[in-house]
Amino acid sequence: MSTFEFLWQGILVAMQPMNLVYALVGVTLGTAVGVLPGIGPALTVALLLPATYKLDPGGSLIMFAGIYYGGMYGGSTTSILLNTPGESASIVTALEGNKMARAGRGGPALATAAIGSFVAGLIATLGLAFIAPYIVKLALVFGPREYFALMVLAFVTVSSAFGDSALRGLSSLFIGFALAMVGIDQQTGQARLSFGIPDLLDGVEVTTLAVAMFAIGETLYIAAQGNRIAEKIEAVKGSLWMNAEDWSRSWKPWLRGTLIGFPIGAMPAGGAEIGTFLSYSTEKRLAKNPEEFGHGAIEGVAGPEAANNASAAGTLVPLLTLGLPTTATAAIMLAGFQQYGLQPGPLLFATNPQLVWGLIASLLIANAMLLVLNLPMIGLWVRLLTIPKPWLYAGILLFATLGTIGANPSVFELGMLLAFGLLGYVMRLFGYPIAPAVVGLILGPLAEQQLRRALAISQGDVTTLVMSPIAAGLLIVAAAAFLIPLILRLRGRGQVLSQLAANED
């Protein structure tokens, strides 16, 4: 069957009434949460994991994808009106968007962000549909050696992409590895690191770790910050709609942002933040009036917002085709797949095509829903910003606890939720990223299984791991992904030290 036929079948699945409800719930929750500063789509999906435990797998995953897209949309509202990005990918939007809001042009800023997000999401989702089958064909030739090398690449890029330090990222990853070792050995059937506790024989639940580290850890971290200065919300003044000049200045940045954001989001070491910064610098370079940048240039909102949402679709390319998460939200979505016994990758396209193509098609529908939700309901999203933080985070804490009890009614599981929540708080306190720990728990057992299979086939000969051209190429890319940022960081530090020495002289 051709891609068009698969996509049409996916649209029929996505148009089922219950799946439309799941998509609507997802995009509404995602937008509402994206508007709230400091609460991103990763935390929302993590909170909903236990609550959706007994729901239909396809519908739940459609809801998670809607939350992801909605979170990307909603982040622009708080960036523009409050100058506080709800997501790290919305940082660039705040640069010009808040200046426009302060100048009484908050309406056009919000409109170009919403329409640009729709255009980028539509084009990027179609790109996902047409590129994914080719990557699946490539991945089908992978053996145990190639899959292990791919996992190594994923571990290195995840460690480098999250946080300011690759070393801290690797430390967080190894925490996930250690937790992945708990339970029954898949090859020998022996208990490992269970310490005689029967509850640990099944291993550490990914859902419990994700909810604890993202929700409980974040709540404790915010509570420890104490009272902050009241944030000033910029009211939306004037017309919400864009005039003819705004349209003429926005449509090219929308397309350029899409072309920049989608491939960067699909890269193993990509991420929406890189695409938004590249889009902003591109628009500034190509602008007819570059002096407007820094004072409220609409191109500086249109381009980065398009890149932001295009990268969200790009992120799903490695997740669905290879099972590799490149963002924190993608890591939680991977946990969502595993919650239902599904492993994203090339075999999922063959064994469960209805689910995969229904998910891809639902993104097109969710994108249209988001445009309808965002333009008329700006006033409602602005009111969400006035929720007192104590109420907001107390609600998150309560929902996380009740969700975990509902999925696994065990006192021991509740104790692990608290312990991992405290661990997440300590990691945030010292600047250690959370996502690599979750990725280590999810992908650690898979990497171990593939390594042991490869060694069993080669009768323990380690050198065969690099005898395959594909495996060798992936390991070289992994080494480069680790070493190049390290060299650049050391080089930059050396330049700073030499400059300080020159200033002292």
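This is a predicted model: local features need pLDDT of at least 70, side-chain atom pairs count only at pLDDT 80 or more; totals for chains, interfaces and linings use all residues.

Residues are numbered from 1 along each chain as its sequence is written, and side-chain values use heavy atoms, with hydrogens and water left out.

**Exercise 1.** Find Asn19 and decide whether Asn19 is buried or exposed.

*Solution.* Start in helix H2 (residues 17-35), where Asn19 sits; helices are DSSP runs of H or I, at least four residues, numbered from the N terminus. Next, take its relative accessibility of 7%: Asn19 is therefore buried (under 20% relative accessible area, with a 1.4 Å probe and protein chains only). Then follow the side chain, which reaches the backbone oxygen of Val13 at 2.8 Å. Finally, look beyond the neighbours within four places in sequence: Asn19 is in contact with Val13, Ala14, Asp56, Gly59 and Ile62 (heavy atoms within 4.5 Å).

**Exercise 2.** Work out how far apart in space Gly265 and Gly314 are, C-alpha to C-alpha.

*Solution.* First locate Gly265 in helix H10 (residues 244-266). Its relative accessibility is 1%, so Gly265 counts as buried too.

**Exercise 3.** Say why Gly265 counts as buried.

*Solution.* Recall the relative accessibility of Gly265, 1%. Buried is the word for values under 20%, and that is why Gly265 counts as buried.

Methods:
Helices (H or I, at least four residues) and strands (E, at least two) are DSSP runs, numbered from the N terminus. Buried means under 20% relative accessible area, exposed over 50%, partly exposed in between (1.4 Å probe, protein chains only). A polar contact is a pair of N or O atoms within 3.5 Å; within protein, one must be able to donate a hydrogen and the other to accept it, and residues adjacent in sequence count only if both atoms are side-chain atoms.
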